[in-house]
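Please work through each task before reading its solution.

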Amino acid sequence: MPFARLAAATTPTSHLGLGLAAVGRPGYLNLGRDRDFPAERTVDALCARTHELLDAAYAQGVRYVDAARSYGRSEEFLADWLRARPDAADVVVGSKWGYTYTADWTTDADEHEVKDHGTATYERQRAETGELLGERLDLYQIHSVTPDSPALTDRALHTRLAEAAAQGLTIGFSTSGPAQADAIRAALAVTVDGAPLFRTVQSTFNVLETSVGPALAEAHDAGLAVLVKEGMANGRLAAPDAPAPLRAVAEETGAGPDAVALAFVLRQPWADVVLSGAATTAQLTSNLRATSVDLTEEHAARLTALTEEPAAYWSHRSRLPWH
């Protein structure tokens, strides 16, 4: 498994990864994008920003990078960087299929992405990803599996994914929505010829949304590598929008609210890789301080008190505007 390489990495930040959702396209639903990006978000400008972030992440010990077909041109930007950085051969590369980017490099599209977990979409997007990332692709994930996703029951799709796994590609899935735990438990039951299909799971977990924690622990115990996304709740846990209890813990620990929020995730025993969704190098450097934040049990209890009901959390997220 490619994640064995991460387990062997000795950098302090090897358990933190860089997600490219925020920088692969001009519009996203993170808070504060008006502060993080120039008004003119050209392809060249965001490509340069992505490369700047990748350079900074690699220099500071990050060894996992996460992209997706629906993250605009993230795979293209990453592929260009990998070609220019042959010294970065130890980077583990993950991407996702299942959503098609439809915003055409605008921020005000009626639809920014369209979901389809069918075999035809897999075949098309696997070819597209392969053309860009080639043999550098280590992990391919089904994007945002929910309990009703046909990807959980489509035996023809499972066979195609198992064939890719037999050729050396690690197969995983990500989850979203208030029923993440149900999706994970259903995915754990998927087998091909008696063997588990999925080797990784990527889910949303943060101080506001902790409901998936027990299911992620089960997945970890079953041998899956666990990746955590949206550790800062799309900016809700970063300055200046962080809630007062989080800001108080940040002041006590001498770190930023973002680092504290990510440290809360890192202290979960099942969390193998926690993604930073930084859009600037300053944010990235602040995020990476999470590895040195010493949260006490009392700190953790105060942060856990911020937890929202899953339905409320995901309803709030669905109302975040694309900036």
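This is a predicted model: local features need pLDDT of at least 70, side-chain atom pairs count only at pLDDT 80 or more; totals for chains, interfaces and linings use all residues.

Residues are numbered from 1 along each chain as its sequence is written, and side-chain values use heavy atoms, with hydrogens and water left out.

**Exercise 1.** Determine how strands β10 and β11 pair.

Solution. Strands are DSSP runs of E with at least two residues, helices runs of H or I with at least four, both numbered from the N terminus. Two strands pair if DSSP finds at least two bridges between them. β10 (residues 200–204) and β11 (residues 225–229) are joined in the parallel sense by five bridges. Within this pair, S203 lies opposite V228 of β11.

**Exercise 2.** Classify the packing of helices α5 and α6 from their axes.

Solution. Axes are lines fitted to C-alpha atoms, for helices over the stretch in contact, with angles from 0 to 180 degrees between N-to-C directions. The axes of α5 (residues 119–133) and α6 (residues 155–166) come within 9 Å and cross at roughly 25°. Therefore α5 is roughly parallel to α6, a class for angles under 35 degrees. In contact (heavy atoms within 4.5 Å), T119, Y122 and E123 of α5 meet A156, L157, R160, L161 and A164 of α6.

**Exercise 3.** Identify the elements that give two or more residues to the lining of the second largest pocket.

Solution. The lining includes Y122, E123, R126, R160, E163 and A164.

Definitions and conventions
Angles under 35 degrees count as roughly parallel, over 145 as roughly antiparallel, 65 to 115 as roughly perpendicular and the rest as oblique. On a 1 Å grid over the protein atoms alone, a cavity is a set of points where a 1.4 Å probe fits but cannot get out, and a pocket is an open set with protein on both sides within 12 Å along at least five of seven lines; lining residues have an atom within 4 Å of a point.
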